[in-house]
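Welcome, and thanks for taking a look at this one. Here is a short briefing to read alongside the model.

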Amino acid sequence: MFTTLQQVAAIGRSLWVYHGDAARHRRMDLLYARFMRRGDLVFDIGAHVGDRIRCFRRLGCRVVALEPQASLVRVLRLLYGRAEGVTILAAAAGARSGMLELHLNPANPTVATGSTGFIAAADGSPGWERERWTGRVTVPLTTLDALIAQHGEPAFIKVDVEGLEEAVLQGLSCAVRALSFEFTTIQRRVAVACLQRCTALGSYRFNAALGESQVLVHESWLDDAAMARWLMALPHAANSGDVYAVRTDVAVQPLLASGAPHGRCP
């Protein structure tokens, strides 16, 4: 009973944090409007409580959302289960299809992870002292390639999977127009590996936003080496953020512009 009540309280906090800030929603819209236009298909990998789904819908996009935690899938289906253009899948993504052991943090479902390396990196790290992964569940595992085969090529892929970002990108074999992946300062090497994976797929340039600021840090877009140096130089207290990758042949959109060129996976 305690664990159930703890989970309910934690999900309630997440709903308030991620859905209750109108100014954050406006910043998010301004940011994501640079990478997509109305009618585009977007993948949300690690949807949590669906604030990105909400943003992508405001921008007029179709969304395929993956979330492996059953309690959060129920929340997403309550919020978006009848929404046109939204597909919610109870699964994780990785380098190959199969099953994944997911480690659950009942007090903070935001940081559920399939990566034992992530848990090890958090152990004893400043700012992570209270995090405890006390539950485990086995969940279906798919790949980005499989999602593309089923749903079509996305204009944008958002990846936020607590330490499995590189594995998710290993499951992608074509250079999509744009994507983002979360980074943490406890696992910078995972982010660097994600940069390397992007450049193995195609020619990309990079930018980043710290925390939940929804504001790009760099005035000019960086190559992979410059972005890696920036990530490695961040103070530990920066904690986390998202790296944005855009193919070099694709124009980053001005605010709410339409008519963006569409690339295609080979």
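The side chains of R24 and D51 are joined by a polar contact of 2.7 Å. Here a polar contact is a pair of N or O atoms within 3.5 Å; within protein, one must be able to donate a hydrogen and the other to accept it, and residues adjacent in sequence count only if both atoms are side-chain atoms. Please keep in mind that this is a predicted model, in which local features need pLDDT of at least 70 and side-chain atom pairs count only at pLDDT 80 or more, while totals for chains, interfaces and linings use all residues. Residues are numbered from 1 along each chain as its sequence is written, and side-chain values use heavy atoms, with hydrogens and water left out.

**R24**
- R24 sits in helix α2, which covers residues 22-32; helices are DSSP runs of H or I with at least four residues, strands are runs of E with at least two, and both are numbered from the N terminus.
- R24 counts as buried because its relative accessibility is 5%, where buried means under 20% relative accessible area, exposed over 50% and partly exposed in between (1.4 Å probe, protein chains only).
- Leaving aside residues up to four places away in sequence, R24 touches Y18, D51, R52, E212 and Q214; contact means heavy atoms within 4.5 Å.

**R52 and helix α3**
- R52 belongs to helix α3, residues 51-58, and is buried with a relative accessible area of 5%.
- A polar contact of 3.1 Å links the side chain of R52 to that of Y32.
- Beyond residues up to four places away in sequence, R52 touches R24, M28, Y32, D44, K158, E212, Q214 and D242.
- The buried residues of α3 include D51, R52, I53, C55 and F56.
- Just after α3, G60 adopts a positive phi of about 80°.

**The chain as a whole**
- The chain contains 9 helices and 10 strands.
- Its radius of gyration is 17 Å, close to the 18 Å that the globule rule gives for 266 residues, so the chain is as compact as a globular protein of that length; the radius is taken over C-alpha atoms, and the rule is 2.2 Å times the number of residues to the power 0.38.
- The C-alpha trace spans about 50 × 45 × 40 Å along its principal axes.
- Of the 266 residues, 56% count as buried.
- Among contacts between residues at least 6 apart in sequence, 69% join residues at least 24 apart.
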